[in-house]
Amino acid sequence: MAKFISRINKEIMKVKTITCHEVYNHGASLQEYALLKYIESLGHEAETIHYKPYYLSNHFNLWNISNEKYEKNFILKWTYLALKLPGRLKSLKRKKNFDIFSENFIKSTNKLYKTNEDLLADLPEADAFVCGSDQIWNSFFQNGKDPAFYLDFVPDTKLKLSYAASFAIDKIADDLKDFVKEKVSRLDNISVRESSGKHILQDLGIHQVQQVLDPVFLLEPLHWEELCEDKLEDNYVFVYDCDSDPLIHRFVRKLQKDLNCKIVTVNNNIKYADKDYSLEGPKTFLSLVKNAEFVISNSFHAVAFSIIFQKQFTVFNRSEKINTRMRDVANLLKIPEVLVLDEKQVDDFDYTIDYESVQEILFPLIDSSKNYLKEALV
């Protein structure tokens with residue numbers, strides 16, 4: 001009862017969010033920024049918790065050994081590091097650009113927390129806590145097994161809610177079901193990003209769950225346009241491919257021939273690109289999507305911003321088991337034809353997205369997502 005009385009007495013609340021923070025990924029940074037920005041637009045004070053568990057803290061570690069066989073042998077270890085070091089030093093430019101974006105646009109707590117126990121021992125000051133968005137509940141990775149991403153550290157006297165939390169997979173392992181049910185059941189308001197996430201929770205007996213859009217849809221397209229860098233290229237196809245997918249390569253070559261344009265990417269594994277912007281930050285990513293002739297990706301947020309900027313695009317499956325994210329948004333907006341799954345679809349692809357029809361579906365979903373946060377944060 002105490003928490004509800006305190007909420008009635010406070011029009012402006014201090015809100016803390018928790019998500020995959022400083023993981024040097026364009027989508028992760030932009031969704032984190034968007035959620036904070038929208039909560040601020042509601043009149044609240046918003047800040048993300050500077051939470052960096054060990055499994056999300058190894059980015060740009062110059063001395064990391066990813067293979068145990070090298071770690072065990074002194075000569076192999078230092079040979080491995082010597083070969084890796086030039087590329088790792090070069091990649092520090094990416095870290096710098098992302099850090100600049102975070103410093104300028106993502107307000108976070110001064111205190112660094114590394115474990116759920118750290119958070120329990122020194123609770124960040126807030127009236128309400130929001131976990132989300134992104135793949136915070138994806139148990140394919142360690143974050144989906146981390147109690148902190150379910151607000152385990154927050155006492156029952158505080159308001160707790162999820163916003164667009166993503167499992168990113170169709171089902172969770174049996175040995176995790178009790179854990180997830182216990183943690184999610186403590187939340188006062190629950191929302192997930194994918195319909196598959198809603199089904200996972202319903203199968204656990206949790207039915208008061210709302211499906212909402214990713215936070216990037218909460219901000220107006222004009223807001224994102226103002227964040228873009230100046231136009232960087234002319235007449236290009238933007239490729240975002242984390243897996244070096246040969247199907248994507250085949251599609252790119254077909255499209256390049258049809259459009260007579262360059263290939264631009266933000267993935268350093270795409271060796272066939274004319275220009276690689278992998279060392280640049282989120283603002284460059286935004287600009288590259290906004291000004292592309294066509295977007296080809298297996299990234300959820302490349303898809304999301306293609307929709308925001310009304311770009312023609314295709315989306316391919318990831319090699320990891322996290323494909324529900326892209327499939328769900330395509331089905332939600334009734335454009336399943338953008339999903340390309342085999343060589344025949346690559347060769348026969350001839351589909352143009354009708355954005356008037358998309359917007360008729362999208363705008364009510366945006367309003368519903370905004371209303372969820374408005375009503376939950378009271």
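Ser297 stands opposite Val315 in strand E11, where strands, labelled E, are DSSP runs of at least two residues and helices, labelled H, are H or I runs of at least four, both numbered from the N terminus. The chain reaches E11 from strand E10 by way of helix H11 (residues 300-308), and this β-α-β crossover is right-handed, a term meaning that, with the strands pointing away from the viewer, the path from the first strand over the helix to the second runs clockwise. The model is a predicted one, in which local features need pLDDT of at least 70 and side-chain atom pairs count only at pLDDT 80 or more, while totals for chains, interfaces and linings use all residues. Residues are numbered from 1 along each chain as its sequence is written, and side-chain values use heavy atoms, with hydrogens and water left out.

E10 (residues 294-297) and E11 run parallel and are joined by three bridges; two strands count as paired if DSSP finds at least two bridges between them. E11 also pairs in the parallel sense with strand E12 (residues 339-340), over two bridges, and there Leu339 is the bridge partner of Val315. In a regular strand the side chains alternate between the two faces of the sheet. In E11 (residues 313-316), Phe313 and Val315 on one side and Thr314 and Phe316 on the other are all buried, that is, under 20% relative accessible area with a 1.4 Å probe and protein chains only.

From the strands we turn to the pockets. A pocket is an open set of points on a 1 Å grid over the protein atoms alone, with protein on both sides within 12 Å along at least five of seven lines, and its lining residues have an atom within 4 Å of a point. The largest pocket has a volume of about 1700 Å³, volume being the space filled by probe spheres set on the points, which are joined across faces, edges and corners. Its lining numbers 48 residues, with Val23, Tyr24, Asn25, His59 and Arg94 nearest the centre. Helices H2 (26-41), H4 (74-105) and H11, together with strand E9 (275-276), each supply at least two of the lining residues, and the largest share, six residues, comes from H4.

The second largest pocket holds about 220 Å³ of space and is lined by 15 residues, of which Glu220, Pro221, Leu362, Phe363 and Ile366 lie nearest its centre. Two or more residues of this lining come from each of H11 and helix H14 (355-376), and H14 gives the most, with eight.

Notes: Buried means under 20% relative accessible area, exposed over 50%, partly exposed in between (1.4 Å probe, protein chains only). On a 1 Å grid over the protein atoms alone, a cavity is a set of points where a 1.4 Å probe fits but cannot get out, and a pocket is an open set with protein on both sides within 12 Å along at least five of seven lines; lining residues have an atom within 4 Å of a point.
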